[in-house]
Number of protein chains: 4
Amino acid sequence: MAENGKRPIRLGMVGGGTGAFIGYVHRVAARIDGDFQLVAGALSSRPEVARESGKNLGLADDRIYTDYEEMARAEAAREDGIEAVSIVTPNHMHFGPAKAFLEAGIHVICDKPLTSTIEDAYALQKVQPKNGAKFLLTHNYTGYPLIRQARELVASGVLGKIRVVQAEYPQDWLTEPTDDDNKQASWRTDPARSGAGGCIGDIGTHAYNLARYVTGLKTEAVSADLTAFVPGRKLDDNVHIMLRFEGGAKGMLWASQVAVGCENGLQLRVYGDKAGIEWRQDNPNYMWFTEFGKPKQLLTRGGAIDGNAANAMGVRIPAGHPEGYLEAFATLYSQFAAIVRGEGADYEGLLPTLDDGVEGMEFIMASVKSSQNDSKWTRFGE
Amino acid sequence: MAENGKRPIRLGMVGGGTGAFIGYVHRVAARIDGDFQLVAGALSSRPEVARESGKNLGLADDRIYTDYEEMARAEAAREDGIEAVSIVTPNHMHFGPAKAFLEAGIHVICDKPLTSTIEDAYALQKVQPKNGAKFLLTHNYTGYPLIRQARELVASGVLGKIRVVQAEYPQDWLTEPTDDDNKQASWRTDPARSGAGGCIGDIGTHAYNLARYVTGLKTEAVSADLTAFVPGRKLDDNVHIMLRFEGGAKGMLWASQVAVGCENGLQLRVYGDKAGIEWRQDNPNYMWFTEFGKPKQLLTRGGAIDGNAANAMGVRIPAGHPEGYLEAFATLYSQFAAIVRGEGADYEGLLPTLDDGVEGMEFIMASVKSSQNDSKWTRFGE
Amino acid sequence: MAENGKRPIRLGMVGGGTGAFIGYVHRVAARIDGDFQLVAGALSSRPEVARESGKNLGLADDRIYTDYEEMARAEAAREDGIEAVSIVTPNHMHFGPAKAFLEAGIHVICDKPLTSTIEDAYALQKVQPKNGAKFLLTHNYTGYPLIRQARELVASGVLGKIRVVQAEYPQDWLTEPTDDDNKQASWRTDPARSGAGGCIGDIGTHAYNLARYVTGLKTEAVSADLTAFVPGRKLDDNVHIMLRFEGGAKGMLWASQVAVGCENGLQLRVYGDKAGIEWRQDNPNYMWFTEFGKPKQLLTRGGAIDGNAANAMGVRIPAGHPEGYLEAFATLYSQFAAIVRGEGADYEGLLPTLDDGVEGMEFIMASVKSSQNDSKWTRFGE
Amino acid sequence: MAENGKRPIRLGMVGGGTGAFIGYVHRVAARIDGDFQLVAGALSSRPEVARESGKNLGLADDRIYTDYEEMARAEAAREDGIEAVSIVTPNHMHFGPAKAFLEAGIHVICDKPLTSTIEDAYALQKVQPKNGAKFLLTHNYTGYPLIRQARELVASGVLGKIRVVQAEYPQDWLTEPTDDDNKQASWRTDPARSGAGGCIGDIGTHAYNLARYVTGLKTEAVSADLTAFVPGRKLDDNVHIMLRFEGGAKGMLWASQVAVGCENGLQLRVYGDKAGIEWRQDNPNYMWFTEFGKPKQLLTRGGAIDGNAANAMGVRIPAGHPEGYLEAFATLYSQFAAIVRGEGADYEGLLPTLDDGVEGMEFIMASVKSSQNDSKWTRFGE
C-alpha cells in the first residue's frame, strides 16, 4: 500500500534487465513512496536475460515478456493488466515501446532523451493515446525539492527579469577510450543507438531541461561548438553552447564527459535584475539565493516552506537531513534482512546491536552523573 | 519482491501512526530495497488512531492491533505471522515491545536510544530471544557508505594509532521554549518519556555511537557538562563532554539543540598518527582523508571501491550522484501516480512531458546543426 | 630597505590621487616587500588634487607634477630621478604616459587593459624604450602562488594534452544603472575612456589572461555574444565567449557585471586528458587537482613546494595561513600607530593589551593546573 | 610616508634575525600601511647574526645592537631614537625587553603569549611605563575585519544572550617527533623557552583570545585535559578544554598540533538565544550569520559596512577580493624589481608583458567584432 493510503498502481517495465543501471533506479523510485507495484516486464530483448531478470524481480511467469508489442497487447487485455509502463531502454528503443503502450491505453514513464531522432520525436508527438494515457519523461533533476523552489522563486518575480542563465553538466567518465569494455558507455557513444548527439543527448539535455524548467524562458536560438576529444569517438564528448532566449536573456551551457575531476557536476545559475540563484546537484539540499545588495542566503530543502508547498516540492524529511538519510536507513534494514535470512555474513559486526544500545545508555548515564558531579571523570557503570 | 530476488520479509510496526516522523522513515527504509513488506501493526496506543493508521497503510483488519503484547502473541501464532517488527515509539516505550517480540521469536528493529533507563537496558540485555530472534538498533548514521568506508580505513591501520576524536551534533530547533506546541519536541524534553537525558539521549548518543562505530575505540571515562539553557526546560539542551579512550586516545563531544544556524550538523573527525578523516552528515557523500605531509583528498561515496566492498557499504548508485538522486526520481513517480489517479492537480505543469521531450530533441538537433555550421546561431526546427 | 637586503627602487606614479582605488593598491603592493620607494608623482590631471595627494604621500614639492610629460623629462634629468613609474589612470590614459616614460628610459608598471584602442596597443608595441626600460602589465591575478603552481602543473605535462578551458569572472556591482554616481563605474562604462569594451575590457581580459597564462595555449578564434543588459548602458555588461585554441582545445569565457550574488567570482578550470585543475579567486589559497581515476586533491598555497619554487611563486608565509594574515597583522600595527600618535580614539578597546596578555597567561596556568588535577574545574589565579 | 599622510613612526626590533618567521611577519605588517620605519634592532643574541641581519635590513651600523638593554638606553637617549619596538623573541625572552623599553618610554609591540611564566606576566603588569609608553600584544587574528564585525554583532545584541562558544585551532605540523631538526618547533616544545604550556601557549591562547575578544564574556573556570601524544614530547600537543563563562554561557576549546590534515584551522562559533555566527581563518573573508528561524547568511568582508566602520575594521579593498589580492599584486612588483635590478632570471616569462597587453586588446577587439557579426568565429587581427 502506498504511504498515502492509496492502492499501488500496477507497473510494467521495458528494458532494465540484470546489470542495467537506470532500470534499477526506476524500480527503487517506484517503490520509495509505495505508489507502484511491478508486475510485468519485457526486461531484455534477449529472451534468457528477460526470463532470468523477471524471475529475480518476482514476476509471474506469464508476465515475463520478450517482446514489448506482445506485452502491450497482452497486458491491455488482462483485467489485472499493468496501468503504467516504464521504458528504460537505450534512446533508439524509446519510440517503439512508447507508441505501443500509449496506443494500448497504458500510461508511459519514459527515460530521457525522448528518442534518438527528431523524426521519432515528432512522430511520437502525433500518437493518439488510448483512453487518455499519460506520459512522463524522467528528467529526474526536476524532482529535487530546491529545483522546484527555484522555479517558484523565478515565477514569483523575486528575481526580477531574467538576464543570464549559466547551466553546466561536466563529467569525466569518458575521458579515456574505454567505450568497448563499458556497457554504460558503449551505447551512449554509438550513433545508431544514441542518435546524432553523444554528450549533448546524454547530459546536455539534462542541463538544458533544467534551465528551461526553472526559468520558463523559451529558447530563441543556439550557437554550438560540439567536440569529440577522444580519438576515434564518433559522437561529441564535450559541448559548448551559447543560448539566446526570447525576451533578451542570454545563457551558456557546458556539458562534458572528459572534464577530469568532475563526477556529476550538474549546476544551474540564474541571474535576474533583482536577485540570483545558484544550485549544484552534488549537494542538492542547498541553494544560494541573493537579492541585489544583500548578503547571500543559503536556502535549505524544506527550510521555510509550508506543508502544501513542501508536498508539491517532494520534501520527505525535515530540513538538515540530507536526502541520503533515507537510504542510509534503508541500508540498515536491507542488511538486517540478509542477516535474518541467514545470508548476512558480509554484514556481521556492521550493524548496531543490543549491546551497542546498552553502551549508549551507559554513555548517557555516565555523562549525566559526571555533569552532576562537577564534570568529574566518570567510568561507565560507575 | 526484493531487488535481490528474495521473498520480502513480513514486517510489523509498533508506533508510527499518522503524523509520526520516525515511523514513516522506517517504512520508507524498509521499502527502498524491497526486502520487507508491512503486514501488521500496533501503530498507536490510541485505538482509533491505530485503526485509521493501519487502514491507510493497507493492513488487514485482523492485523491492526492496539496492544503490542496481543500483537506479539497473535502474530507468533499465525503461519503467515510477521517475522520482524519495527519499534518506533518514544524511548520509554522501547523496552516493553522489544522484550515481548524477542520472547515471541520475532526479530526486532528498534529505534535509538535503546531505552529510557539504564535498568531497562540491562534488563533487555538479559532477555532470552526465542528461536534466536535478532536485534537491530537503528543508529542510522552508521548506514552511510562513507561511514562504513571510514571504519574500514581505521581498521586497516591507514590512520595509524588513533589520537584525537572530535564528534559533534549541533541543532537549533529547540532554541526557544516551543516544547508544548511541538509533538516532536514534547516527549523529547519530558524526563518521563525520554529518560534522564534530553539532548544527550536524542542526538548525543548518535555522535557517540558514530565515534565508537568508526574508531572501534573503547571508552574509558567521560567528563561532562550538561546544560538546560532554555528557561524551564527539565532536560539538557546542550552537551559538552571530554572523552578518554582505552589506549590513550582523547576526544570531545558537543551536542546541542540550541546552536542557532545548525540544522543537523553531525560531524566526525578522527586523527591518527599517520592520517586523519573528516566527515559531515549534511554533505554525506564526501569525506576528507589526509595522510600526514600529503594534500587533502576528497573521497566520494563509491568513488574507488570494488563491487563487494560497495555492497557492504550500501552503495546503490555511482559516485557523483548524491543519494537524494533516488528520491528526486521517486518524486516524479509518485506525483505521476497522483496524476494517473486523477488526483494530481497540484502537480500539473511540474512534471516533464512529451512536449518537453520533443523540445529536448530539437535542442540536440539545433545544437548539432549549429556546430556543423561553424557555430552559426540556429533556431529550433530550422 | 627591502626585505631582501636590496636598496629600494625609486618609484613615481601617474594617476592614483586621493580617492582612487587602484593607485592605492599599487602603492601597498610596492611597499609590502620594501622593494620600492615612492618619490614622485603626477597623481591627478587636476593640479590641486595632484598637489594635495602628493603632499599626503610625502612627496617633495618639486616632485609633485601635474603633467606626466614634464614629469618624465624632469625625473629622467635628475641624478636621483625615478627608476620606475606606475601608471594607474583610466584605460585611455595608459598609452601617453607609457610611451613618454619608456622613451625617457624609465621602467613602466602599467595597469590593464594595456590601452583603450587596438591602435594605441600596436603603437605602444613599436615604441623604442631608452636604455632597455622594461614594461610590466599588472594582470595581478597571475601573482597568486597557486596560479603560478597551476602554470607549472600544465607545463610539466601532468595534465596531459589540454582539452577544455572554462574561465569566468562574474560580478554584480553594475546590476543597476548607478553609473553616474559612482566614480569607479563612470569611466568604466564610458566608451571614450574605456574603449570599445566594457565588461570585456575591465574583467573579461583578466579571465582571458589567466586562461592564457596558466595553459600557455594560443587562441585561434573567438565566437562572442556581448550584451548591455542595463537600459541605457553604452558598453557591454555581460560577455559570453566560446574559444578555440591552436591544437584543438576548446574553451568558454563568461564575464559579467550583472550576475547578482557574485562579488569577484574569478574562476579557472582546466582539463587535460590526464588531469584537471580548478581554482577560484575568492578562496585563492586552495586549488583542486585531480588525476583521472583518483580522488580529488586539495592543493594549498605553499603546501609541498621546495624553497626555490616557493620563491618564484611568491609564497610569503607557511601553508594554512591565508594571505590576508599579513593584512590582519598590519591592521594591528596601523591602529596602534594611530594610538601612539594620540589619534586612536576609534580603536580604543579594539587592540589586545597587556591585561589581555596577563589573562592569556592565567588561562594557560589554569588549564595546565586543571589538567594536572584530573580536569577539575579551575578558576583563574586559583 | 604613511598612506594616511602621517610621518612614519621610528621602529626598533628585538629578535627577528635572518630565518625567523614571526619577525618577518611583523616587518611586513609594519610596512603595509606605511606607518612605521624600521631604524634599529637587536635582531639576535648572537652578535654576528645580529650584525648581518641588521645590515640586510638597512640599519645604520650604530643602530645594530646585540643587547636589548643597551638598545633601550641608547635609543631613548637619541633625538631620532625609536619611538616603538617590536619584540619577536621566543616566549621566555618577552619579559626582559618589554620591561626595559616600557621603562625607557618606548612603546612596545609584543608577540604572544605575553611571557613564559605567570610570574613574569604579573611582574610586567606592574611595570611603570615612562611617559605613558603604550603596549600592544599581537593577537593578530583580532585584526581580521570579520572578527571585528563579529565582535560588533555580539555587542549590538543581535545574537541575544550568548549561550555556547566553540573555539578550535587544530594544526598537524608536530604530528611526528621532528622537534630537533626544526627551528620553529624546537623552542615551542621546550619548557625552558616556552613555559608551562606547549600547544596551549602557542595556539590555544589564540583560540581563547579570539573567543574572549568576540564575545566579551569573562571566564569563570576551565576544565582541561592536556596531552602530549608524541612520545618523548615534554609539553602538550593537544588541548581539550571545557569553559564556563560568567552569566552561564558554556564553551569548548580544542587546540592541537597533531590533527593530521589541519593546517591552521582556527575556527570560532558563537551561539546566542537569537542568532549564531561561524567563522574560519582559512577563508577569513566570509562569516556565517544566522538569525533563528531564518536562512543562513554569508557575510563578506566589507560587504555592507559604512566607511567609518570599515576603517575601524581594517578593510583595505572592496568586498569580494580576498585580502591576498594585495599580496598577489605585491609579487608582481617585487619580481619586477628583481628584473629591473638585473637579478630576475627566475622570474623571466612569469610576469605579464607589453605583448600580453597587446594580445589582451586583440582579444577585446576580436570579441567585439564577433559579437557584432552574430557571433561569427573571429581570429585576432582579422
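Analyst: Buried area is the accessible area, for a 1.4 Å probe, that two parts lose on being put together, summed over both. The model is predicted. Between chain B and chain C the buried area is about 1100 Å², and carbon and sulfur atoms give 55% of that area.

User: What makes residues of chain B and chain C count as in contact, and how many are there?

Analyst: The cut-off is heavy atoms within 4.5 Å. By that rule, 12 residues of chain B are in contact with 12 residues of chain C.

User: Why is the pair Arg244(B) and Asp374(C) called a salt bridge?

Analyst: The closest N and O atoms of Arg244(B) and Asp374(C) are 3.1 Å apart. The rule asks for a side-chain nitrogen of Lys or Arg within 4 Å of a carboxyl oxygen of Asp or Glu, so the pair qualifies. The rule finds 2 salt bridges across the interface of chain B and chain C. There are also 4 residue pairs in polar contact between these chains. On chain B, the strands β8 (238-245) and β13 (296-300) each supply at least two residues of the side that touches chain C. The most comes from β13(B), with 4 residues. By class, that side of chain B has 6 nonpolar, 2 polar and 4 charged residues.

User: How many residues and how much buried area are found between chain C and chain D?

Analyst: In this case 148 residues of chain C are in contact with 148 residues of chain D. The buried area is about 13400 Å², with 62% from carbon and sulfur atoms. In chain C, Glu3(C), Tyr333(C) and Trp377(C) lose the most area to chain D, together 7% of what that side buries.

User: Why do Glu3(C) and Arg31(D) count as a salt bridge?

Analyst: Their side chains meet at 3.1 Å, N to O. The limit is 4 Å, so the pair passes. Between chain C and chain D the count is 10 salt bridges, and 51 residue pairs are in polar contact. Helix α12 (residues 354-372) of chain C gives the largest share of the side that touches chain D, 17 residues. That side of chain C has 74 nonpolar, 46 polar and 28 charged residues.

User: Why does the salt bridge of Glu168(A) and Arg269(C) join two chains?

Analyst: The closest N and O atoms of Glu168(A) and Arg269(C) are 2.6 Å apart. Glu168(A) lies in strand β6 (residues 162-170) of chain A and Arg269(C) in strand β10 (residues 267-272) of chain C, so two chains are joined. A search of the whole structure finds 88 salt bridges over all chains.

User: Which peptide bond is cis at Pro113(A), and where is Pro113(A) found?

Analyst: The cis bond joins Lys112(A) and Pro113(A), with omega about -10°. Pro113(A) is in the loop between β4 (107-110) and α5 (118-126) of chain A. In chain D, a cis peptide bond joins Lys112(D) and Pro113(D), where omega is about -10°.

User: Why is the phi of Asn131(A) worth a remark?

Analyst: Most residues other than glycine have a negative phi. Asn131(A) is not a glycine and has a positive phi of about 50°. Asn131(A) lies in the loop between α5 and β5 (135-137) of chain A.

Definitions and conventions. Residues numbered from 1 in each chain as written. Chains lettered and ligands numbered in written order. Predicted model: local features only at pLDDT ≥ 70, side-chain atom pairs only at ≥ 80, totals over all residues. Heavy atoms only, no water. Polar contact = N/O pair within 3.5 Å; in protein donor to acceptor, adjacent residues only side chain to side chain. Nonpolar A, V, L, I, M, F, W, Y, C, P; charged D, E, K, R; others polar.
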